[in-house]
Amino acid sequence: MPMYSILTHSISKNYKGFQALKNVNLAVKPGEIYGFIGLNGAGKTTMMRMLLNMIEPSEGHALILGQEVRQVSPLFWNNVGYLIETPHSYPNLTVAENLDLYARLRLIPSSVRAQRIKDLMDQLALTPYKNRLVKELSLGNNQKIGLIKALIHRPKILLLDEPTNGLDPEGLTHVRQLLIHLAKDEGVTILISSHILNEMEKMFTAIGILHHGQLLRQESRAEYLKNAHHRLLITFSSVEEATKAKNIYAQKHIDWSASETVYQLRLTALEDLAAKQQLLISNGILPTEWHEEVENMEEYFLSVLRKAGKK
Ligand SMILES: Nc1ncnc2c1ncn2[C@@H]1O[C@H](COP(=O)(O)OP(=O)(O)OP(=O)(O)O)[C@@H](O)[C@H]1O
């Protein structure tokens, strides 16, 4: 088994003089949930299309499961499932008819077809809609059909471009649980793009940040947690205690910010933390709680873009 399930070497893509991707080196390990994030127009869909050999790179090349995507046989694509943009279904057929048809096209044996469709519909809470015409479905339920189509043949690699579009909180949870199960228990490699970063944060094992066609960051969850900004949230028992603490920190030129409630302070630089804690204690201030926070993915993403903008 190759070390990387998805690997690209200096991929660039030009659209009539516009460079949509610039020397992108993606490296996605087996069983990873790789969050591929970037602003609108960053190049995420372009990259996924290239991985699926739907479009050609201007330069560079891509490998899936160690094989050049431009040279694989049609059968190879049974290893891959994808959901890119709005999925197409037959509007005048029911959900169950659409899925059955699709499973037949994927040559899934009749002995397992019905059970597999049922399991996936149950996992995504689509079963109550199985006899509804697709043209009557909501965006979220259409998206679930798209996901089932991507999964029905049990691929080793999943490429999902904004699969959570239009899903309600329950749908988001079902999709997340399913993807985590596939990656963790079945070893499926998942490349997923989404603008819902708090959702991504709950499942990613690695991230790639794409900006104007360039991969600014590519890191594991552990590296992300190390690189993300850490803060200390200090909670006091009264406004007076909090005000005293503010003054003490201000005199010592220690950065702080008041939080949502007047009882809390945030310290941004965590160096020399013990000394900062001792400073309050020696002044008779005993906070009720010291709590370390890590900036969330949205804050992290925006700070990476800001840093890139300053270069
Ligand atoms: N066929 C095309 N011809 C010309 N330009 C294109 C074509 N396809 C995409 N682009 C441009 O390439 C850039 C990258 O587009 P892409 O759809 O890959 O971005 P994205 O990161 O998926 O964005 P979003 O988050 O909005 O889906 C955009 O500026 C887009 O306008």
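The crossing of helix 2 and helix 4 is right-handed, the near helix being turned clockwise from the far one by less than a right angle. The structure is a predicted model, in which local features need pLDDT of at least 70, side-chain atom pairs count only at pLDDT 80 or more, and totals for chains, interfaces and linings use all residues. Residues are numbered from 1 along each chain as its sequence is written.

Helix 2 (residues 95-105) and helix 4 (residues 139-151) have axes that come within 10 Å and cross at roughly 25°. Helices (H or I, at least four residues) and strands (E, at least two) are DSSP runs numbered from the N terminus; axes are lines fitted to C-alpha atoms, for helices over the stretch in contact, with angles from 0 to 180 degrees between N-to-C directions. The two helices are therefore roughly parallel, a label for angles under 35 degrees. Val95, Asn98, Leu99 and Tyr102 of helix 2 meet Ile145, Ile148 and Lys149 of helix 4, contact meaning that C-beta atoms, placed from the backbone, lie within 7 Å.

Turning to the sheet, four strands form an open, antiparallel arrangement in the order 13-14-12-15, where pairing requires at least two DSSP bridges between two strands. Strand 13 (256-258) and strand 15 (289-294) are the edge strands, each pairing on one side only, and the twist averages 25° from one strand to the next. Three bridges join strand 13 to strand 14 (residues 264-267) in the antiparallel sense; Ser257 has Arg266 of strand 14 as its bridge partner. Helix 8 (residues 239-251) lies across strand 12 (230-235), strand 13 and strand 14, running at about 25° to strand 14.

Technical notes. Two residues are in contact if their C-beta atoms, placed from the backbone, lie within 7 Å. Angles under 35 degrees count as roughly parallel, over 145 as roughly antiparallel, 65 to 115 as roughly perpendicular and the rest as oblique.
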